[in-house]
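Work through the exercises below with the model open. Try each task before reading its solution.

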Amino acid sequence: MELLLDLHPDAYPLEGFRRTQLLEWVYVQGAGTFDGMSNLPAEMRAELSGQYHLNPFREIETVRSSDGSVKYLFTLQDGRQMEAVYMPYLDRKTVCVSTMVGCPARCSFCATGAMGFGRNLTPGEIVGQVLAVAGGEGLAPRELRNLVFMGMGEAMLNYDHTMAAARILLHPQALGMSKRRITLSTVGIAKGITRLATEDDLGLKLAISLHAPDEETRQRIIPTGAANSIAEIMAAAREYQGVTGRRITFEYTMLRGVNDAVWQAELLADLLRGLVSHVNLIPMNPWDGSGFQSTSETDIQSFYDTLEARGVDVSVRRSRGKDAGAACGQLALKRPGAVSGNSVPGLGAAL
């Protein structure tokens, strides 16, 4: 049986106003079954339920943080698990979604990387996270206006499904999100960055998880980073900006004694010269077994001051939901077998 959410809105079954009614039930009302779609004839609902289902998830668990963030752990229909995070702010409601079960990038400081790679998520499994979070928070689906592809997985390595999900999110008869409010994060897949520049109808914001300005450090903490050198990543970033004119965010997780030296801040500023960019310094969200600690507040400030003195637009992004295990993969990693035994060793070579 096919997951209806995998379909682009223009490809939904039914025609004319009946299709419009179906789309309203799914993306405006957040209906989880066909039974309650009262303005569709009973025989039509029966036919739909015989061909499609609406729920990508077998089970949903939540862990709520004292700061208002909520971690969602989804068990998919095949038993695999992945996560999303709801982050309410005063001026917006944001959901961070996953594009994979696990991740092949294997960043050594990331809990998701420790899981290995399970499989790509389908477009409907990506979009379904938004609908499930809205339902869990008592919101209409369209009340979630900000989205980041920054959860589990490397979105650029599930490119087609991620772009298909983005087109559903943006479609005016689906979730109707704004291009300016969707951000895609990548560990630095150069070919994906240049390809994203050609997606004229999307206009997604780009965030590059650089995490180190020198090859030795970067390949130490991102073992698959050798497949995309810093020079290649920066060349792709410049090409992307040349085509789109959009500012690029660079994510930089602060790891004590690893990537937080003043000389590394100076080198990072050199790399960014001439780019319209913003650097997010992110104190590491610690997890058991990582082997890393977050940089001290004093050293974060020194790194910040060094970048700012060299004209870099920079901020410190404080992690949300630490008490809820909101770092990517923390909850799923505690579930033995969620990915292990089904991982695909060596997939990182595709990076």
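## The chain as a whole

Of the chain's 351 residues, 56% count as buried. The model is a predicted one.

**Exercise 1.** State how many helices and strands the chain has, and what share of its contacts between residues at least 6 apart in sequence join residues at least 24 apart.

*Solution.* Start with the secondary structure. There are eleven helices and 14 strands in the chain. Next, take the contacts between residues at least 6 apart in sequence: 67% of them join residues at least 24 apart.

## Two helix pairs

**Exercise 2.** Classify the packing of α4 and α5 by angle and handedness, then describe the residues in contact.

*Solution.* Step one is the geometry. Helix α4 spans residues 123-136 and helix α5 spans residues 159-170; their axes come within 8 Å and cross at roughly 45°. Step two is the class. Step four is the contact itself. From α4 come P123, I126, V127 and V130, which meet H161, T162, A164, A165, I168 and L169 of α5. By class, the contact of α4 with α5 has eight nonpolar residues, two polar and no charged.

## Cysteines

**Exercise 3.** How many disulfides does the structure hold? Explain the result for C103 and C107.

*Solution.* A disulfide covalently links the sulfur atoms of two cysteines. The cut-off here is a sulfur pair within 2.5 Å. Now check the distances. For C103, the closest cysteine sulfur is in C107, 6.4 Å away, too far for a bond. For C107, the closest is in C110, 6.0 Å away, again too far for a bond. The structure holds zero disulfides. Finally, check burial. C103 has 10% relative accessibility and counts as buried. C107 has 13% and also counts as buried.

## Single residues

**Exercise 4.** Place E2 in the fold and list its contacts beyond its neighbours within four places in sequence.

*Solution.* E2 lies in strand β1 (residues 2-3). Its relative accessible area is 38%, so E2 is partly exposed. Leaving aside neighbours within four places in sequence, E2 contacts L7, Q51, Y52 and H53. Take Q51: E2 and Q51 are 49 residues apart along the chain, yet their C-alpha atoms are separated by 6.4 Å.

**Exercise 5.** Where do L14 and H211 sit, and what are their phi values?

*Solution.* Begin with the background. Most residues other than glycine have a negative phi. L14 has a positive phi, near 80°. L14 is in the loop between β1 and α1 (16-28). H211 also has a positive phi, near 70°. H211 is in the loop between β11 (205-209) and α7 (215-221). With a relative accessible area of 5%, H211 is buried.

Notes
Residues are numbered from 1 along each chain as its sequence is written. This is a predicted model: local features need pLDDT of at least 70, side-chain atom pairs count only at pLDDT 80 or more; totals for chains, interfaces and linings use all residues. Side-chain values use heavy atoms; hydrogens and water are left out. Axes are lines fitted to C-alpha atoms, for helices over the stretch in contact, and angles run from 0 to 180 degrees between N-to-C directions. Angles under 35 degrees count as roughly parallel, over 145 as roughly antiparallel, 65 to 115 as roughly perpendicular and the rest as oblique. A crossing is left-handed if the near helix is turned anticlockwise from the far one by less than a right angle, and right-handed if clockwise. Contact means heavy atoms within 4.5 Å. Ala, Val, Leu, Ile, Met, Phe, Trp, Tyr, Cys and Pro count as nonpolar, Asp, Glu, Lys and Arg as charged, and the others, Gly among them, as polar. Buried means under 20% relative accessible area, exposed over 50%, partly exposed in between (1.4 Å probe, protein chains only).
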